[in-house]
Amino acid sequence: MHSFAFFAAVAVLFSFFSAVLADTQGVANFSPGGPLINLVNTSPTETHVYKVEGNADNPPSAYGAGGGSLPAATVLPGQTVKFHLGQGFIGALTAKNGEGSRFEVNFRGDSPGEYKTWYNSDMQFGMSNTTLGPAHGDKQINGKESLAGEQDCLAKANSAWTALDAGSQQELLDTGYLEGTTGEDGVLSSVHMDKQADEKVVDFFQNVAEFNAYVHSGSVMGKETSKTGAAADRFSWSVKTKELTITGY
């Protein structure tokens, strides 16, 4: 009898916990129309976890006011979570619990006559098949497309792979950050990124494959070239909405 009651209680708690994950996370006292990121998990089997970081100067209204370690954002397979960040939030959400693509957001963009939310994606510390953009498909304030990050990093890299000669391909494979075959019919089977990446790896992802993210030597290696610096300048997005969507594939 006690055993049945125990398992029944566990089932109820699990059901409640799942419902919470499927509903809302972040600050409890959020205001309608306040900063919101929809976390969409398109995978039918994998749970997606995002490391959350807040600026040390975040106000009391923001998630993680005053900085410090924050609880991660967890999204179950096939789930969408509304993550309320609170007024004045500046910080970042990083896929794979800190080892995937990192998305920086700034919800303090109030200015006379026009509101701006600033955001970007970077792959300096890791990469994943994850994107960030306006929830309703709005374009950037300058009219350009607004999706940061990559839906399929391997496919994007492969789209540029055969533009390289076999010697350049082999040099990249020798770094260990890319795996695959060389030549006109060469195909990549795996790609990854971290802050120790060789400059030639950074150059390939940033300038040859043209990933929609910061992957530049100025951040990764303490170096900068005019080419990677110019590429980095392309990746600061701004939109007029306070609602964004991160989609994990």
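A search of the whole structure finds five aromatic pairs. Rings of Phe, Tyr and Trp (its six-membered ring) pair if their centres lie within 6.5 Å; planes under 30 degrees apart count as stacked, over 60 as edge-to-face and the rest as tilted. The model is predicted: local features need pLDDT of at least 70, side-chain atom pairs count only at pLDDT 80 or more, and totals for chains, interfaces and linings use all residues. Residues are numbered from 1 along each chain as its sequence is written, and side-chain values use heavy atoms, with hydrogens and water left out.

Take Tyr-63 and Phe-83. Their ring centres are 5.1 Å apart and their planes stand at 80°, so this pair is edge-to-face. The pair links distant parts of the chain, 20 residues apart. Tyr-63 sits in the loop between β3 (48–54) and β4 (73–75), and Phe-83 in strand β5 (residues 80–84). Helices (H or I, at least four residues) and strands (E, at least two) are DSSP runs, numbered from the N terminus. Tyr-63 has 11% relative accessibility, so it counts as buried. Phe-83 is buried too, at 1%. Buried means under 20% relative accessible area, exposed over 50%, partly exposed in between (1.4 Å probe, protein chains only).

Now turn to Trp-161 and Phe-204. This aromatic pair is also edge-to-face, with 5.8 Å centre to centre and 85° between the planes. Trp-161 belongs to helix α3 (residues 153–161) and Phe-204 to helix α5 (residues 199–208). The two are 43 residues apart, so the pair links distant parts of the chain. Trp-161 is buried at 0% relative accessibility. Phe-204 is buried as well, with a relative accessible area of 2%. Ring pairs extend the group: Trp-161, Phe-204, Phe-205 and Phe-211 are linked into a cluster.

Lys-242 lies over the face of Tyr-115, 4.9 Å from the ring centre. The criterion is NZ of Lys or CZ of Arg within 6 Å of the ring centre and within 35 degrees of the ring normal.

Next, strand β11 (residues 130–134). Five of its five residues are buried, so the strand is largely enclosed by the rest of the structure. Three bridges join β11 to strand β12 (residues 148–150), and the two run antiparallel. β11 also pairs with strand β16 (residues 243–248), in the antiparallel sense, over five bridges. Two strands pair if DSSP finds at least two bridges between them. Thr-131 stands opposite Gly-149 in β12. In β16, the bridge partner of Thr-131 is Thr-247.
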